[in-house]
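Could you walk me through this model, from overall dimensions down to single residues? Here it is, and the tour follows below.

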Amino acid sequence: MMIIVIGITLCLPSAGLLLIENAGQISQNIEHEAEISIFLGKTVSKDQIDFIELSLEKNSLIKKTHFEPKLIAWEKLQSKLDVAVSSSVSNNPLPDAFFISLNTLDEIKIQKLIDNLDGIDGIDSVTVDGNWIKKLRIGLSLVKLSVFFIAALLIIVLLVVIGNTIRLQTLTYKDEIEVSKLIGATNAFIQRPFMYTGILYGLGGGIITISILKLSVLGLNATLIKLASIFGTNIIFQDLPHRFYLYIVILAMLIGLISSYISARNSIQRLKIYK
Amino acid sequence: MITFEKVCKSYPGSPEILQNINLEILSGELVFVTGPSGAGKTTLLKLISAIEKPSSGSIVFESQNLSHIKDREIPILRRRFGMIFQDHKLLYDRNCFANVALPLEINNMSFSDMNRRVRAALDKVDLLKKEKMMPITLSGGEQQRLAIARAIVSRPSILIADEPTANLDKEYAEEIMNIFYSFQQVGVTVIISTHELPSTKINFKRLQLIGGSIQNLIGHVQLPS
């Protein structure tokens with residue numbers, strides 16, 4: 001029963017970690033596709049456009065450059081807008097624009113690039129399309145912090161629960177402990193079996209946690225595959241790296257060990273012998 | 001071997017159980033601690049085996065002062081004693097062999113040596129044929145013999161028995177006492193708390209406790225048969 005309690009309790013922060021890892025992966029993938037939009041002035045000349053394009057292509061931070069003339073942009077917008085709306089606008093309000101993809105996620109470098117671009121003659125405004133990614137990142141950090149906080153609380157709960165179970169076990173084996181003490185067993189000798197029990201509880205609980213997580217990922221992906229065929233998406237729920245599962249088991253065993261050590265030590269020391 | 005000097009013992013909120021005890025127990029002696037209930041016999045034995053510490057005075061066991069013994073040294077000290085209790089304190093979820101083997105497990109003895117010693121101890125108390133039986137299936141006298149086997153398996157220099165025959169019929173009681181006498185004959189110091197003195201012809205020392213004091217410290221006494 002104890003290993004089930006441990007297993008399910010550890011599932012909660014582990015599932016949170018799984019969600020964070022997947023959200024982090026998604027945000028990184030999106031970031032790699034994030035663009036900077038460079039809007040040119042209305043009166044920019046062709047030479048200036050060529051100069052800007054050359055500057056962009058020479059810049060090592062820029063992976064890809066795409067120029068969209070204002071005429072093409074206007075035609076695209078018109079095809080999206082209602083005919084009545086587009087016919088009410090006689091002049092093309094859109095500027096020429098460059099859309100660039102970066103090969104860095106370094107915020108300092110990106111900001112320096114933006115500052116440099118702002119200083120180039122002919123460029124009217126520079127917009128980083130990935131601002132919302134920043135917000136997503138901050139949100140993820142907050143979620144991570146919350147998950148760790150909840151995990152810490154749950155670990156404390158587990159320490160108390162396992163400790164109480166071990167304490168009750170020491171009461172069950174009171175006679176054996178008393179006899180062992182009377183015939184010369186050290187407290188460490190007497191404590192050892194209880195600590196082994198704690199470690200085994202942790203190991204069993206860790207295995208249950210891993211099993212639940214693995215089954216959950218399999219189940220989710222089975223559903224996502226079906227959804228992918230309907231909606232044309234290719235989102236798959238990523239499993240945690242294997243080392244994370246090892247960490248979960250080690251953490252569970254450590255919790256079992258620490259809790260049983262403290263509880264058994266206190267119980268055995270307090271046990272009165274031959275009263 | 002064991003010396004008490006002005007030893008007093010009291011518990012918080014209670015009157016003194018032992019008052020100003022001075023005694024000496026030499027190696028190889030057979031000592032009976034007698035007295036009415038509440039006289040302090042069990043307390044005296046607990047002081048010798050470091051289950052309790054004296055409130056004042058000093059207890060010296062082979063040049064080790066038990067009054068100031070450190071907690072980590074107590075288990076090592078207790079391994080030098082063989083203790084037998086009025087209620088046996090056997091482990092009823094283990095068989096006879098496992099009960100007797102417990103002190104040797106604590107000493108990390110190898111299985112082959114353990115096997116040999118346990119069987120020798122069981123043989124000494126005439127329980128070798130019952131090594132695989134559970135203690136609950138034994139008679140009162142047999143259970144006490146099993147407790148003695150556990151006490152002697154690690155070959156202690158001192159046996160301490162707290163009213164070992166209190167719950168036994170006369171027939172079993174004599175049997176148990178004879179076992180103790182046989183150990184004392186080979187040089188083991190035997191200290192027994194009891195209400196009754198032996199009726200057989202043997203040499204022993206008697207410590208008579210009344211009201212927490214030794215009223216009568218008699219030297220070697222030889223009773224007529």
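**A walk through the two chains**

Let's begin with overall dimensions: chain B has 225 residues and a radius of gyration of 17 Å, which agrees with the value near 17 Å that a compact globule would have; this radius is taken over C-alpha atoms, and the globule rule is 2.2 Å times the number of residues to the power 0.38. This is a predicted model, where local features need pLDDT of at least 70 and side-chain atom pairs count only at pLDDT 80 or more, while totals for chains, interfaces and linings use all residues. Residues are numbered from 1 along each chain as its sequence is written, with chains lettered from A and ligands numbered from 1 in the order in which they are written.

Along its principal axes, the C-alpha atoms of chain B fill a box of roughly 45 × 45 × 35 Å. The chain holds 6 helices and 10 strands; helices (H or I, at least four residues) and strands (E, at least two) are DSSP runs numbered from the N terminus. Of the 225 residues, 39% count as buried, where buried means 20 or more other C-beta atoms within 10 Å of a residue's own, exposed means 12 or fewer, partly exposed lies in between, and C-beta atoms are placed from the backbone. Among contacts in chain B with a separation of 6 or more, 68% join residues 24 or more positions apart; a contact here is a pair of C-beta atoms, placed from the backbone, within 7 Å.

Now to the inside. The largest nonpolar core has 82 residues, and those with the most contacts inside it include B:V100, B:A149 and B:I191; such a core is a set of buried Ala, Val, Leu, Ile, Met, Phe, Trp, Tyr and Cys residues joined through C-beta atoms within 7 Å. Beyond its neighbours within four places in sequence, B:A149 touches residues including B:V100, B:A121 and B:L127. A second, separate core of 12 residues includes A:L56, A:A97, A:L102 and A:L117.

Chain B also has an open antiparallel sheet of 4 strands in the order β2-β1-β4-β5, where strands pair if DSSP finds at least two bridges between them. Its edge strands, β2 (18-25) and β5 (64-65), each pair on one side only. Strand β4 (residues 56-61) of chain B is joined to β5(B) by 2 bridges, and B:F61 stands opposite B:Q64. Helix α1 (residues 41-48) of chain B packs on this sheet, touching β1 (2-9), β2 and β4, and its direction makes about 125 degrees with that of β1(B); axes are lines fitted to C-alpha atoms, for helices over the stretch in contact, with angles from 0 to 180 degrees between N-to-C directions.

Chain A has an open antiparallel sheet of 4 strands too, ordered β2-β3-β1-β4. Here β2 (62-68) and β4 (123-128) of chain A stand at the edges with a single partner strand each, so one side of each is left without a neighbour in the sheet. Strand β1 (residues 35-40) of chain A pairs with β4(A) over 5 bridges, and A:I38 has A:V126 as its bridge partner.

Finally, where do the chains meet? In the contact between them, 11 residues of chain B face 12 residues of chain A. On the chain B side, α3(B) gives the most, with 3 residues.

Technical notes. Contact = placed C-beta atoms within 7 Å.
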